[in-house]
Every structure is written in C-alpha cells, then in structure tokens.
Amino acid sequence: MSPIVRRAGTLLLACTIVQGAAHAAQDIGSAMNDDSQWIMPAKDYASTRFSRLDQVNAGNVKQLQVAWTFSTGLVHGHEAAPLVVGNTMYIVTPYPNYLYAIDLKGEGGPLKWTYKPHPERASQGVACCDVVNRGAAYADGKIIFNTLDDHTVAVDAETGKEVWKTKLGEINLGETMTMAPLVVKDKVLVGNSGGEMGVRGWITALDVKTGKQAWRAYSTGPDADVLIGPDFKPFYQKDRGKDLGVSTWPPGQWKMGGGSVWGWISYDPASNLIYYGSANPGPWNPAQRPGDNKWTSTIFARDPDTGAAKWAVQYNPHDLHDYDGVNENVLVDLDLGGTPRKVLLHPDRNGYLYMMDRITGQIISAPPFAYSTSIKSIDLKTGLPALNEDKTPRQGELVKDICPAAPGGKDWQPSAWSPRTRLLYLPHNHLCMDVTASEVGYIAGTPFVGMEVKMNDAPGGYGGVFSAWDPVAGKEAWSIREHYPVWSGALVTAGDVVFYGTMDRWFKAVDAKTGKELWRFRTGSGIIGQPITYKGPDGKQYVAVLSGVGGWSGAVVAGGLDKKVPYGALGFVNAVKDLPDDTAAGGMLYVFALPDAKP
Amino acid sequence: MKPAGHLIAAIMLCMPALAVAGAPAAAGEPVLRVCADPNNLPFSNAKEEGFENRLARMVGNALHARVEYTWWAQRRGFVRNTLKAGLCDVVMGVPSGYGLALTTRPYYRSTFVFVYRKDRAYDLHALDDPRLATLKIGLHVLGNDNPPPALILARRGITDNVIGYSIYGDYRDANPPARLIEAVARGDVDVAIAWGPLAGYFARQAPAELAVAPIDQPDDAPLPMQFSVSLGVRKGDHALKDRLDSVLQKLRPEIDVLLRDYAVPLLNAPPDMAASGP
C-alpha cells in the first residue's frame with residue numbers, strides 16, 4: 001500500500017475509487033467538502049452538519065415531497081444518519097446492525113446489497129438503553145461501523161464484503177458499542193457504552209487498513225492508562241495532578257468507574273487534535289464514590305496519532321444526575337470582541353452551553369441553554385459548576401424538580417452550525433425529574449431499593465425545544481416548543497433551511513434566520529435519526545432522514561413499556577407517556593426532493 | 001448467531017397463554033411458560049439445577065403442565081423483554097409488591113447477611129458495628145441502585161475499605177454473583193455483604209467454613225434488610241395469579257424443604273405480608 005501523505009490536514013492519495021460512481025468517492029478531506037456526498041454522520045470534522053447545497057431553499061422548501069422510501073424492517077430506535085458516497089447510500093440499523101447499500105442511480109432507490117454482521121443475540125440483554133446505532137463512517141473505500149456486541153467492522157463500500165472485523169469489548173462484561181466511528185488519517189476512532197453496567201470507559205484507535213488496534217485511552221485509572229503524559233496541559237487547577245483517575249475515587253473503584261465514550265468525536269486538522277467527551281460515573285451510587293471521579297463527564301483533547309491527551313476539562317465532577325459529557329463539540333472560528341478565536345461549542349447534558357478555546361481548553365463562556373435548577377452557574381475561573389445543594393438526591397427523601405432531568409438539557413442528539421447565520425441549531429429537552437428512593441428493584445436475584453426517577457416536562461408544559469443559539473451574544477436567537485423532547489439531529493443548509501424531526505412523527509423545515517416553520521411532513525413513525533442532504537446522480541438536491549422511534553426517550557414505544565408505570569426506562573416513561581398515542585415503532589427511510597420543473 | 005432463539009420465541013408466542021389457566025384446549029398439553037436466567041444459581045440455570053427451577057417443576061406438576069423456559073440474563077430490562085414481551089407467563093422470583101409485575105403471595109422471606117470465615121469469629125450482626133470501619137468489606141454493585149446495606153455503609157462514611165463486585169460479573173463464567181462469596185473464602189475480603197439465598201448456597205459450597213449471619217435492621221435507616229419473594233405474572237393476569245396462589249399454599253411444606261435444601265436463610269413472614277409489600 002502507498003504511504004499516506006498528509007498536507008494541510010487532508011489526504012492527498014485516494015486509496016480507492018468507487019467504481020462507476022459519477023462523482024467518485026475521494027479521500028476524506030475532499031469528500032467531506034463535496035456537498036453532493038455525506039460521508040460521516042456530522043458531515044465534516046468540525047461537526048457542523050452544514051451543507052452548501054441550496055437548490056432547496058427557504059423560498060421553495062414548501063414544495064418538498066417524498067421521492068422514495070425504504071423500510072429497514074426493524075422496530076427499535078433508528079438514531080443513525082444515512083451516508084451518501086458516490087452514487088450509493090448506506091444505512092446502518094439498530095441491532096442486528098444491518099448495513100444496507102442503496103443504488104441512487106436506480107429508480108426509487110433499489111437495494112444493492114445488505115451486509116449482516118450477526119451480532120450476538122445476548123447483546124440485547126446487556127444494552128442499557130434500547131439497542132440503537134448512531135451511524136457509520138466512510139474512509140478508504142470502506143464503510144465502517146460498530147456492532148452492539150463490541151465489534152468494529154469495515155465493509156467494502158462497493159461489494160459489501162467484510163474487509164476486517166475487530167472485537168474491542170466483551171458483552172459478557174456489560175460492554176456494548178452504539179456510537180458512530182470517526183476516521184482521522186489512518187485511524188478509526190471508536191468508544192464503548194455501558195457505564196451503568198460497571199464497565200470502564202475507553203476510546204480506541206484502529207488502523208483503517210487492517211482493523212488492528214493502534215492505541216486505547218481509558219477514561220479512569222492511572223495516567224499511563226488514560227494516556228496522560230508530559231504533553232498534558234489542562235487549563236484549570238482542578239484538572240491538574242498525577243493519576244487523578246485513581247486518586248479521585250475510593251480505592252480501586254475506578255476499575256469499574258464508567259466514563260464510557262458513546263457520543264461524538266470532532267477533529268481539528270490545523271491543530272491535529274480530536275475532541276470527545278466521557279460519560280457519567282457508574283455503577284456506584286454517588287454516596288459510595290466520594291471524590292471527583294475522574295475522568296468521567298470530561299472533555300478530552302487528544303493527538304489522534306498517539307492518543308496522547310493535550311488537555312481535559314471535567315464538566316461535572318462527582319456527577320449526581322447522570323450528566324454525561326458525551327455531547328457533540330462543534331468547531332468554529334469566531335470573532336469575539338475583535339479577537340479571532342478558535343473555539344468549540346458544547347451543549348452539555350447539564351444544560352449549559354460551553355464555548356471553549358479549543359487550543360487551550362479555557363471556558364470562554366457557559367450560559368444556560370436549557371431550564372436548569374440543579375446548577376446555578378459555571379464558574380469561568382475554576383471551570384466548576386456551582387451546584388444547587390437543594391437539588392442533590394438524598395437517600396430516603398423526595399427531591400423534586402431537578403432540572404435538567406437525567407437525559408440532560410440535551411442528550412446525544414447533535415446540533416448543526418451555519419456559517420451563514422452564525423447560529424447553532426439545537427435540538428433539545430425540556431425536562432425535570434423528581435427523585436426519591438423507594439422503588440423495589442431486583443437484579444440477578446438480588447433485591448434493592450432503587451432511586452425512583454420520575455421525569456416531567458419542565459415549566460410551560462412542553463417536553464422539547466428546537467432553538468437557534470448565538471454563541472457570540474451567548475443567547476437564544478429563536479426557539480420552537482415541541483411536545484416531546486426533540487431527539488433527532490439537526491441539519492442546516494446554504495438554502496438557509498434547518499431540518500429536524502419530532503417523536504410525534506413530524507419532519508420539519510424551518511427558516512434558519514427566524515425559526516418560522518416553512519414545511520412539514522408526517523412520517524410513519526417518530527423521528528430520532530439524523531437528517532442529511534446530498535446531490536443525486538440526476539443533479540437534484542435530496543434530503544433524507546430515518547424515522548423509527550425508540551432510543552431511551554422512545555423506549556416506551558419501541559420496548560412496549562407500560563405507560564401507566566411512570567418509572568419505566570429509568571424514569572423517562574412519565575415524560576413521554578402520550579407517545580404511544582402519537583406513534584408506533586418501525587424503521588423507514590424517507591428521501592425528499594423538489595418536484596421536477598414543469599416543461 | 002442464534003436465529004433459532006427468535007424462532008422458538010415466535011412459536012411460543014403463538015401458544016395459548018393459558019395453558020396453565022386451565023383450558024387444556026385442543027392445542028394439546030398445558031404449558032407453564034417460565035422466564036429465567038440460564039446462569040444464576042442458586043436461583044436458576046439452563047440445566048435446571050436452581051431452586052426456582054425445582055419450584056417451577058413442582059408448580060408445573062401441580063397444574064399438570066409441562067414447564068418451558070425462555071432464558072434471559074436477569075438484568076435491567078429482564079421483565080420488559082421477557083414477561084411483558086409475552087415470551088413467558090411467570091417469573092419464579094421477584095420481590096413481593098414489585099412494580100413491574102403482579103406478584104403472588106410470598107413463598108419465602110430472606111435477608112441480607114454478613115458472610116465471613118468462621119475462623120475469624122467476628123460475630124457480626126449490625127451495620128453500626130465499629131469494626132466495619134476497618135474490615136475489608138466486599139459487596140455487590142448493582143448499577144446506580146445498590147443494595148440497602150451498601151447505602152447505609154456509604155452514609156456512615158464507610159467507602160474506602162469497600163470492594164465492589166459487579167453483580168453481573170463476567171457472564172462467561174458460572175454464576176457470576178458467586179465471585180463475592182469465593183472472595184471471602186480465599187481471604188480477599190474479610191467480610192461480604194450479600195443477599196441471603198446466594199450467600200447461603202455458595203457459603204455451603206466454599207472450601208473454607210463460612211458463617212452466614214443475618215444483618216439486623218438498623219433503627220436509623222428506612223432501608224429494609226429483609227424482603228419477601230413471590231412469583232411474578234403479567235400485570236392484569238389475575239387468573240394465573242390466583243391459580244399460583246392456591247398452588248403455593250398447597251405446596252407450602254415442600255417449598256420449605258426445598259429452600260432449606262438450598263441453605264436459603266429464611267425468616268418468618270410478618271403476619272400481614274401475604275397481603276402485599278416487602
């Protein structure tokens with residue numbers, strides 16, 4: 001194989017050309033800037049989910065109509081983004097993690113092939129929150145994705161033949177994999193899920209050619225395991241010290257400390273840094289794990305070649321509320337008071353929108369974007385959240401109105417950034433929770449008294465919000481209230497249209513500048529997937545999204561939970577108890593386009 | 001890898017749910033459909049060696065029904081994916097009054113216990129014993145919710161000398177929760193805190209002589225040390241619950257013998273416990 005030559009952060013050598021493609025797939029750097037394609041869930045390394053396509057625009061989007069559809073045949077939550085590489089669309093499904101390749105040249109999207117990885121059936125029993133998959137990534141002529149039973153697989157994009165398959169974790173220890181990989185240069189970056197099951201979180205880099213492991217960085221334990229070395233320069237005092245991944249736990253607890261890596265990874269080629277967050281600590285009850293519990297609920301900046309950590313900020317030391325740090329980091333360059341700054345925007349589970357200097361890890365601002373009672377503010381000098389002690393769960397006591405609830409001000413559902421409007425489009429939650437300890441549970445034959453969590457809509461009587469956030473002003477530009485948490489991703493285009501979906505089956509287009517609704521379409525099932533756009537072989541712009549409710553928020557439908565039991569799905573059922581009246585489960589891809597011009 | 005499992009599940013779904021409920025319809029012989037963990041003695045395993053397996057056979061015999069199993073690890077989501085999904089009609093052990101199922105009258109009541117080597121002669125009974133501040137304590141970690149004794153220790157600031165053993169463990173090994181009791185026998189920990197039935201069973205099999213001592217209910221904590229255990233059926237399935245209740249009553253003496261065979265630490269039921277609640 002040719003060595004990979006890198007300049008200015010892009011791969012110059014295209015290793016594989018997809019045969020017969022009108023616009024052949026190139027290397028990652030140029031392919032992600034080719035707006036006819038969509039080769040990774042977040043569209044580009046900066047995770048903007050912005051497309052320069054503008055055939056569909058605020059003026060004509062009201063004419064958008066269904067071009068074709070495709071059923072996945074599955075009823076679990078469909079969270080993935082479709083990919084478009086050359087003239088082929090790829091869809092990875094929830095368990096059993098089928099990979100469908102659809103020929104965009106054929107009429108109505110004929111199926112080219114299906115790759116079935118046959119994950120172990122037992123993996124269903126160990127996944128904490130439905131059996132979702134958040135998508136695949138294209139690189140080096142391969143479609144690469146994770147299976148619920150802890151394998152990363154690379155499939156030949158043209159033939160559908162498996163190129164390599166690497167086992168990274170062990171479902172028998174409670175580990176699963178649900179996140180979408182990111183490919184940087186010759187490394188495939190993936191992470192695990194399962195903090196509630198007592199796993200130890202990690203991010204791992206695999207060789208894109210062979211699937212062989214290049215490095216692994218754990219989220220807990222000694223510096224050597226976390227890949228913290230001499231290059232590690234955290235901005236805040238609280239994040240400095242030796243082996244904090246050990247010393248901030250009672251002895252040995254870090255060995256099953258959680259901090260899984262199931263969210264998004266971004267990459268800045270200029271500084272050669274990847275950014276990602278770790279999840280909440282587990283499986284210990286907070287009272288049993290005094291200390292900061294590093295490095296859970298933390299953002300890391302790392303060198304993708306070696307895994308070496310450059311800086312980290314722990315968002316939520318000693319997390320009490322399941323506030324994972326896994327949400328997306330959108331990399332943008334902003335003019336702040338006349339100074340150009342390289343920043344990242346991170347809407348955290350805790351309800352605060354962190355704008356950080358992505359070179360140093362300094363928090364520049366962190367105003368709340370969601371209704372919050374549990375945290376009063378974020379101290380920019382120390383990087384610490386100021387907790388509201390009244391909202392700390394206490395054994396045997398009912399603590400009401402903890403906001404945001406466990407799924408956070410925003411969960412995994414990724415936002416989008418438009419360089420035209422300079423706004424971040426945020427699908428998010430509007431939920432509070434009441435916590436008490438009295439529910440009797442039973443696991444592996446052992447009774448316990450659990451935390452009873454009951455989620456409710458936050459004040460106002462609505463469960464979700466879709467908003468546009470101005471990071472320079474540090475405030476919302478506009479917002480739309482939704483009945484349920486907005487659990488889909490966002491997409492924004494140069495046509496100044498923003499797309500998102502709702503759990504009650506609406507796929508919506510709104511004006512990127514004003515938030516005015518321009519168009520909507522009722523899909524077969526609720527939407528928790530990530531919309532994308534691409535240019536077909538016929539030169540037309542298409543918009544695609546998977547419907548198929550499920551995931552944590554939709555488990556009441558996909559898992560057939562009893563809506564009369566408010567504490568199902570770790571408390572989520574109460575907040576979405578009308579959902580079965582509005583949607584049934586079932587995975588279906590919808591592809592939309594403008595009608596052909598009349599001759 | 002096991003499409004056959006799906007197939008079997010699908011076939012079972014088609015069977016008359018009754019079976020037990022009496023109507024031995026034209027469909028043939030009545031079936032008692034049980035969901036159980038295939039790898040969790042002393043409760044159940046795929047070889048049907050657990051006391052819940054034995055109880056299922058006894059109940060099946062009393063109902064003139066054949067016992068059929070759907071195997072599923074008893075973790076979070078167990079009831080949702082099995083009983084509520086219609087793969088079976090009864091789960092052989094749930095806490096009485098358990099929110100996710102309709103529960104029968106309790107068929108035993110047990111307690112969390114201390115387990116330690118008899119040669120240590122600790123004579124432990126209470127969570128406020130000052131020696132617990134320094135002894136190396138092993139306990140099961142269940143997820144974000146943990147057993148009541150563990151929470152009481154945490155409240156007393158006892159965390160640094162506590163070693164967690166995942167209740168899930170490594171599912172490739174036999175009976176993963178047993179690792180905690182083995183650790184006591186080996187001397188890896190001084191004392192274990194565990195749920196009575198699994199502690200009693202594995203303590204008896206341990207290579208060292210182990211003491212199994214019930215933990216006294218602390219005065220200052222609302223967290224119970226003792227729980228009653230019932231059979232669980234789907235909510236609303238009162239017909240099956242009523243039949244099981246009467247079978248359990250009839251089998252009372254045999255069930256007591258069975259539980260003693262498995263060294264389950266048994267407590268007398270409080271007078272009102274047949275009605276509800278743990």
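Visitor: Which way do the residues of strand 14 of chain A point, and are they buried or exposed?
Guide: A:Lys187, A:Leu189 and A:Gly191 point one way and A:Val188 and A:Val190 the other way, and all are buried. A residue is called buried if 20 or more other C-beta atoms lie within 10 Å of its own, exposed if 12 or fewer, and partly exposed in between, with C-beta atoms placed from the backbone. In a regular strand, side chains alternate between the two faces of the sheet.

Visitor: And what kind of model are we looking at?
Guide: This is a predicted model, in which local features need pLDDT of at least 70, side-chain atom pairs count only at pLDDT 80 or more, and totals for chains, interfaces and linings use all residues. Residues are numbered from 1 along each chain as its sequence is written, while chains are lettered from A and ligands numbered from 1 in the order in which they are written.

Visitor: Why is residues 187–191 of chain A called a strand, and how enclosed is it?
Guide: Strands are DSSP runs of E with at least two residues, helices are runs of H or I with at least four, and both are numbered from the N terminus. Five of the five residues of strand 14 (187–191) of chain A are buried, so this strand is largely enclosed by the rest of the structure.

Visitor: How do you know that strand 14 of chain A pairs with strand 13 of chain A?
Guide: Two strands pair if DSSP finds at least two bridges between them. Strand 13 (residues 182–184) is joined to strand 14 of chain A by three bridges, so the pair qualifies, and the two run antiparallel. A:Val184 has A:Lys187 as its bridge partner. These strands form a hairpin with two residues between them, and A:Lys185 in the turn has a positive phi of about 50°.

Visitor: What sits opposite A:Lys187 in strand 15 of chain A?
Guide: There the residue is A:Asp207. Strand 14 and strand 15 (residues 202–207) of chain A pair in the antiparallel sense over five bridges.

Visitor: What does chain A hold in total?
Guide: Chain A has six helices and 40 strands, and 63% of its 599 residues count as buried.

Visitor: What makes a residue part of the contact between chain A and chain B, and how many take part?
Guide: Two residues are in contact if their C-beta atoms, placed from the backbone, lie within 7 Å. The contact takes 45 residues from chain A and 56 residues from chain B. Strand 31 of chain A gives the most to chain A's side, with six residues. That side has 22 nonpolar, 18 polar and five charged residues. Here Ala, Val, Leu, Ile, Met, Phe, Trp, Tyr, Cys and Pro count as nonpolar, Asp, Glu, Lys and Arg as charged, and the others, Gly among them, as polar.

Visitor: How do you know whether helix 6 of chain B is mostly covered or exposed?
Guide: Eight of the 10 residues of helix 6 (196–205) are buried, and the helix is mostly covered. Among the buried ones are B:Leu198, B:Tyr201 and B:Phe202. They pack against strand 7 (108–117), helix 5 (179–186), strand 10 (191–195) and strand 11 (210–214) of chain B.

Visitor: Why is strand 12 of chain B called largely enclosed?
Guide: Eight of the eight residues of strand 12 (226–233) of chain B are buried, so the rest of the structure largely encloses it. Strand 5 (residues 90–95) of chain B pairs with strand 12 of chain B in the antiparallel sense over four bridges, with B:Val94 partnered by B:Ser230. Strand 6 (residues 102–103) of chain B is joined to strand 12 of chain B by two bridges, and that number meets the requirement of at least two. Strand 7 of chain B also pairs with strand 12 of chain B in the antiparallel sense, over four bridges, and B:Arg109 has B:Ser228 as its bridge partner.
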